[in-house]
Amino acid sequence: MMIYMNREHESMQHHSLEDKLVNEAAGTAQGGHNTAFWDVRALLQEQSEVEDMQEISLYSSVKKGSAAREAALADLQAAAACLGQGETVAFPTETVYGLGADARSTEAVEAVFAAKGRPSDNPLIVHIAHRDQLQELVTEVNETAEALITAFWPGPLTLVLPVRPGAVSPRVTAGLDTVAVRMPDHPVALPLIAAAACPVAAPSANRSGRPSPTLAAHVREDLDGRIGGIVDGGPTGVGVESTVVQAGDDGTVTILRPGGITAEQLSAVAARVVTDPALLAEGSGGDSTSPAPRSPGMKYTHYAPAGALCVVEGPPEAVAAWTRAALAEAAQRGERTAVLAFAEHAEQYRADAVFSLGDASELQEAARRLYAALRSCDEQGATYIVAEACSREGMGAAVMNRLLKAAGNQLIQVG
């Protein structure tokens, strides 16, 4: 079976899944916890008319008059009220869907950990809607951090900064003296956070270890009945989480997690950009006895499909030869096989499912497709999965980081 996971395919999948889920919502058993579902996709039609996303508000983001838009506004207000009342609400950002809760409330934050099954020493990112909220959360923003904020906020960049005592629940910081903060660049996330009138702690809205959700349907698959509500804002754009950095007083920016802002982009602003050594050490994830990570995504295996996944790196011809042989052997063992390959190579593989990540030269597209492809491996029942490695430059650093985390650092070097 040849499956090409492109943006059109993903959008069609999104609507078919959501139509099914919305139709089923009315029949949800009354005995359990019902997850509310709010469809606010009508608000996205006005995104191009909002010039300054930092000035967005719940009532200025769309024009009055359309019944669909009025309904979407009411839904977004309901979701914001749930957040303000201590409920957990999943919502879209430009990276992936996040599971939000009032960052100041330990009870609300604990509900996020419980819903996800997330390890308690894994810190959370706090999302804000306005620059002045940052001063309420941190004690200092040095010149380097200020430059990064000016260049990349709102956007997929998270800054680890010294936390103001008592500003957030200690569950958010995992006992550290720092807090990770970002301002998302999304026409649903920003007005939602602003209307909730609280800083929102929000990891990805999936069960811990699973591929992150890029559709509201993915959130329903993992968390339906476990959280207060889901805001459907359509497919996300970047497709992988934000870049997490720590800015030193000497101008050095340390990447703790690669993501939507590349090292090359950071280098245009910072005096020096380095990568945390923990990211470079194979096998560093999954050691439950190691110290608490400074950033989400540094310690544990993440993003993993149910089947066994390995990543193959080397010259294209050697990668293709190794992959074809490994798939044939797996098929003989009775495995159900899948491949994540780049468009230039996808047609040469024979497997139960082949997912194209797009052209190898367009790694932004690979980032957008990656999590949906990993989830589709589960839908296809794949038990043995091979993924082609990509360049580690630019967005490739984030793609390879997520692939290796999903594979439990099972990297095969060939050629």
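Predicted model: local features only at pLDDT ≥ 70, side-chain atom pairs only at ≥ 80, totals over all residues.
The chain holds 13 helices and 17 strands, and it exposes about 16,000 Å², of which carbon and sulfur atoms supply 49%. Among contacts in the chain with a separation of 6 or more, 70% are between residues 24 or more positions apart.

Helix 13, which spans residues 396–406, is mostly covered, with 10 of its 11 residues buried. The buried residues of helix 13 include Gly 396, Val 399 and Met 400, as well as Arg 402 and Lys 405. After helix 13 comes Gly 408, which has a positive phi, near 60°.

Strand 4, made up of residues 97–102, is largely enclosed by the rest of the structure, because six of its six residues are buried. A hairpin of four residues links strand 3 to strand 4, and strand 4 also has bridges to strand 8. The table sets out these two pairings.

| Partner of strand 4 | Sense | Bridges | Residues facing each other |
|---|---|---|---|
| Strand 3 (residues 89–92) | antiparallel | four bridges | Phe 91 and Gly 98 |
| Strand 8 (residues 200–201) | antiparallel | two bridges | Ala 101 and Ala 201 |

Definitions and conventions
Residues numbered from 1 in each chain as written. Heavy atoms only, no water. Buried < 20%, exposed > 50% of the residue type's maximum accessible area, 1.4 Å probe, protein only. Pairing = 2+ DSSP bridges. Contact = heavy atoms within 4.5 Å. Areas by Shrake-Rupley, 256 points an atom, 1.4 Å probe, with all protein chains shown as cover.
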